[in-house]
Structures are given as C-alpha cells and as structure tokens.
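Below is a walk through one model, moving from its surface to a charged pair and then to a loop residue.

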Amino acid sequence: MPSLFDVISTAVGNINIIAENLGVITEDVVQLRKSIGAPGMAVLQFGFGSDAENPHLPHNHERNQVVYTGTHDNDALRILIP
C-alpha cells in the first residue's frame, strides 16, 4: 500500500510540505517528518519564558526548519529598530 505522501506526490507532483509540529511531539513523529524531508517549524514567541532548552529559542533551531514570529494564537509582534 502506498504511503499518503506517495499518493500526494503522484496526484500533484513534487510539492513542499511543512510539518506543523507544535505541541507535544514524540520521537516517532520527528523521525517521520525527517524521513519525508519535511521541515519542521518553530515559533519565536513560544521560546521565551522557559529554560534554555526550549526548541523555539533561536540557538535551538534546526537547519531544515521554518521559523515564524507567532501564530494566530499570539498577539501581533511589533519589532522596533533603533
């Protein structure tokens, strides 16, 4: 039986998939994401207010990852540049 990702590829061709890996993510989910080459995601606003191991902090970001400033659950972010 073909995998879901094989069926998608056959139906629409080569597309980029970004895995929304927010919340509690188990190691098997991480391995599945990596096995299909899909980048994960990080949200900067989720990184602050906990310890240095938080995966959303910039120094913990991965190479194959999309980083957002926030989500629809966050207040808008305003960046002031001096």
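Is Ile-79 buried or exposed? Ile-79 is exposed, at a relative accessible area of 61%, where exposed means over 50%, buried under 20% and partly exposed in between (1.4 Å probe, protein chains only). This is a predicted model, in which local features need pLDDT of at least 70 and side-chain atom pairs count only at pLDDT 80 or more, while totals for chains, interfaces and linings use all residues. Residues are numbered from 1 along each chain as its sequence is written, and side-chain values use heavy atoms, with hydrogens and water left out.

Ile-79 sits in the segment after E2; helices (H or I, at least four residues) and strands (E, at least two) are DSSP runs numbered from the N terminus. Together with Leu-77 and Ile-81, Ile-79 makes a nonpolar surface patch of about 360 Å². Such patches take residues with over 30% relative accessible area and no salt bridge, joining nonpolar side chains (Val, Leu, Ile, Met, Phe, Trp, Tyr) within 5 Å and like charges within 9 Å. The areas come from the Shrake-Rupley method with a 1.4 Å probe, and for residues only the protein chains shown count as cover.

The model has 1 salt bridge, defined as a side-chain nitrogen of Lys or Arg within 4 Å of a carboxyl oxygen of Asp or Glu. Glu-62 pairs with Arg-33, with 3.2 Å between the closest N and O atoms. Because Glu-62 lies in the loop between helix H3 (44–47) and strand E2 (65–68) and Arg-33 in helix H2 (residues 27–35), the pair ties together parts 29 residues apart in sequence. Glu-62 is partly exposed at 38% relative accessibility, whereas Arg-33 is buried at 7%.

Asn-54 is also found in the loop between H3 and E2, and counts as buried at 11% relative accessibility. Leaving aside residues up to four places away in sequence, Asn-54 touches Phe-46, Gly-47 and Asn-60, a contact being heavy atoms within 4.5 Å.
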